[in-house]
Amino acid sequence: MKFENEQSEQDQNSWKHTIELNGIEYTAFDGQFSDLDWGIAYVNFIEMLNAELRRQNSDEQFYPINCGNDGMFVLLTTKQLDFVNRNYPIDNEHPTTMSNWKSRNGI
């Protein structure tokens, strides 16, 4: 993965943060400051990594577990995620899909 051209523009009320991965510009965060900032940036980061994995025809994707300063996510195939969901509790300490995570966290 080629990482370059990271840009960060911030004022007292808002922040715009972009990153270029493999020649494509992604937005890590763009908006007014709120209580959801860490969650939004976390989702955007995982989504940009997953977009790059799809571009490379990978069978794996990153799945969120926890965000904030101690953000955690895991790289799994869909079969592995299905195994985890069938054999472990579906809670905030186990990986889930991005849509479930967004819904759970109000994003």
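Asn22 lies in the loop that joins strand S2 (14-21) to strand S3 (24-32). The model is predicted.

**Helix H1**

- H1 comprises 19 residues and spans 27 Å from its first C-alpha to its last, close to the 27 Å expected at 1.5 Å a residue.
- The buried residues of H1 are Asp37, Gly39, Ala41, Tyr42, Val43, Ile46, Met48, Leu49, Asn50, Ala51, Glu52 and Leu53.
- These buried residues are covered by elements including S2, S3, strand S4 (60-66), strand S5 (72-77) and H3.
- In an α-helix there are 3.6 residues a turn, so residues three or four places apart point the same way.

**Nonpolar cores**

- The largest nonpolar core has 9 residues in all: Tyr42, Val43, Ile46, Leu49, Leu53, Phe62, Cys67, Met98 and Trp101.
- At least two residues of this core come from each of H1 and helix H3 (98-104), and H1 gives the largest share, 5 residues.
- A second, separate core of 6 residues has Ile19, Ala28, Met48 and Ala51 among its members.
- Cys67, a member of the largest core, is in contact with Trp38, Gly39, Tyr42 and Trp101, leaving aside neighbours within four places in sequence.

**Glu52**

- Glu52 belongs to helix H1 (residues 37-55).
- Glu52 counts as buried because its relative accessibility is 1%, under the 20% cut-off.
- A polar contact of 3.0 Å links the side chain of Glu52 to the side chain of Arg55.
- Not counting residues up to four places away in sequence, Glu52 touches Met1, Leu21, Asn22, Ile24 and Tyr26.

**Positive phi values**

- Most residues other than glycine have a negative phi.
- Asn22 is not a glycine, yet its phi is positive at about 50°.
- With a relative accessible area of 25%, Asn22 is partly exposed, and it is one of the residues touched by Glu52.
- Asn5, in strand S1 (residues 3-10), also has a positive phi, near 55°.
- The relative accessible area of Asn5 is 41%, so this residue is classed as partly exposed.

Note on methods:
Residues numbered from 1 in each chain as written. Predicted model: local features only at pLDDT ≥ 70, side-chain atom pairs only at ≥ 80, totals over all residues. Heavy atoms only, no water. Helix = DSSP H or I, 4+ residues; strand = E, 2+ residues; numbered from the N terminus. Buried < 20%, exposed > 50% of the residue type's maximum accessible area, 1.4 Å probe, protein only. Polar contact = N/O pair within 3.5 Å; in protein donor to acceptor, adjacent residues only side chain to side chain. Contact = heavy atoms within 4.5 Å. Core = buried A, V, L, I, M, F, W, Y, C linked by side-chain atoms within 4.5 Å. Expected span 1.5 Å × (residues − 1).
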